[in-house]
Amino acid sequence: KAAKAKELRGQPGQLKDGTLLPLLANVGKPSDAKEAHEYGAEGVGLFRTEFLFLGNAEPPSMEEQTKAYTELLSQFPGQKVVIRLLDAGADKPLPFLTPEDEPNPARGLRGLRTLSQHKKVLEDQLKALAAADAQTNANLWVMAPMVSDEFEADFFTKLGKSYGLKFVGSMAEVPSLALMADKVADVTDFVSIGTNDLTQYTLAADRTLGSVSNYQTAWHPAVLRAIKLICDAGNAKGMPVGVCGEAAADPDLAVVLAGLGVNSLSMTPVALDDVRAELAQHTMEEARELAARALNGEFYHPAEWCTMEGWNED
Ligand code: PEP
Ligand code: MG
C-alpha cells in the first residue's frame, strides 16, 4: 500500500473524478523545503515563523527575517507559499512578548492578540515579508494566527495590504470566527483552518493536557460543523478555505474535509503520500456523503464513560 501511495507522487492532489485538491506542506524552517519537495508537496500551506523567535532574548531583525523568508520563497518558484505571522503565547510562549502570569494562557494573549500589543514586531514581520516577496517569484499568501472575528480579520487584511502584500488571510482557530464566517469572507482574501486550536476551543479542552486528550479530535461533529460554516461561507463568496491542522494529515478525515468543501490541505510532508492516495479513491459525490455522515456524528467515538458501558457494574 505504501509503495502504491508513493507512485502517485508528482501528481496533483485530486479525487477519483478529477476534482483538484492541492496538497501542501507544513514547514517549520526554510531547510524543511527539501522534504516538502521530496514528498510531492504542491507548495507550502503553513510556514510557522516561530523558529525565528524561539530561544532568542529579543525579536529577530528585519534583515534576518527577510533572509529567512527569501530562502523559503526562492525554493517554491511559481508555487503557493502561505506564511503565518508569529503565533506567540499559550503553547508557544516567548519570554519577551508573552506574560508569564496568565492563569489560562490558551485563552490569553496569543497570536494576533500578542502582535497587536507589539507594534514593532508586527510591522517588522510584515516589512520583511514584503521585501522577501519583492525578491522572489513564489505566490506569497500571508496570514495571522488566532483571529477572533471579522473585525480582527478586517484589521489584518488592511494592515497587510498597506505593506504591499497581495494576498492576506486569517487563520480559523477560534469558534467565534467560524460563527462569523459569512462576515469574515467579506473582509479577507482567504481562510486557513487550524484544526488543532479550533478543536481545543470548540470542545473547551486544553490541547496540551493529557487528561482531556480524547477531546482533541476533529472527527467530533461539533468541530466538523464549525468547519462547514467556514466552507459554506467561503464557497458562497469565492474565498479559498484551506486546512492546515493535524486533521488534514488523517487520510479518511481528508476525504471528509474535501466533502465539506475545503479547497486545499496542508500537512507534515510525510503524510502527503497516504492522503493523496486516499483522496484518489473517492469521488466528490462520495466525499459529500461521507461528510454528511460525519456531520451527524457517525464516525466519532465518545469516551467510554458517556456510553454508560460498565457504569453500573461493580
Ligand atoms: C492549528 O492550530 O491547527 C495550527 C495549524 O496551528 P498550531 O498547531 O501551530 O497552533
Ligand atoms: Mg494554532
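The structure is a predicted model, in which local features need pLDDT of at least 70, side-chain atom pairs count only at pLDDT 80 or more, and totals for chains, interfaces and linings use all residues. Residues are numbered from 1 along each chain as its sequence is written, while chains are lettered from A and ligands numbered from 1 in the order in which they are written. Helices (H or I, at least four residues) and strands (E, at least two) are DSSP runs, numbered from the N terminus.

**Shell around ligand 1**

- Ligand 1 is surrounded by Leu46, Arg48, Asp87, Glu173, Gly194, Thr195, Asn196, Asp197, Cys244 and Gly245; a residue is near a molecule if its C-beta atom, placed from the backbone, lies within 6 Å of it.
- Helix α9 supplies the largest share, three residues.
- By class, the shell has two nonpolar, four polar and four charged residues; Ala, Val, Leu, Ile, Met, Phe, Trp, Tyr, Cys and Pro count as nonpolar, Asp, Glu, Lys and Arg as charged, and the others, Gly among them, as polar.

**Helix α9**

- Helix α9 (residues 195-202) is mostly covered, with seven of its eight residues buried; buried means that 20 or more other C-beta atoms lie within 10 Å of a residue's own, exposed 12 or fewer, and partly exposed in between, with C-beta atoms placed from the backbone.
- The buried residues of α9 are Thr195, Asp197, Leu198, Thr199, Gln200, Tyr201 and Thr202.
- Their cover includes β5 (167-172), α7 (175-179), β6 (190-193), α10 (221-237) and β7 (241-243); contact requires C-beta atoms, placed from the backbone, within 7 Å.
- Alanine 204, which follows α9, has a positive phi, near 50 degrees.

**Helices α11 and α12**

- Helix α11 (residues 251-260) packs against helix α12 (residues 272-279) at an angle of about 50 degrees, with the axes 8 Å apart.
- This angle makes α11 oblique to α12; angles under 35 degrees count as roughly parallel, over 145 as roughly antiparallel, 65 to 115 as roughly perpendicular and the rest as oblique.
- Pro251, Asp252, Ala254, Val255 and Ala258 in α11 meet Asp274, Val275, Glu278 and Leu279 in α12.
- The contact of α11 with α12 comprises six nonpolar, no polar and three charged residues.

**Valine 255**

- Valine 255, located in α11, is buried, with 23 other C-beta atoms within 10 Å.
- Beyond its neighbours within four places in sequence, valine 255 contacts Glu278, Leu279, His282, Ala287 and Leu290.
- Valine 255 and leucine 46 are 209 residues apart in sequence and 20 Å apart in space, C-alpha to C-alpha.

Note on methods: Axes fitted to C-alpha atoms, helices over the stretch in contact; angles between N-to-C directions. Contact = placed C-beta atoms within 7 Å.
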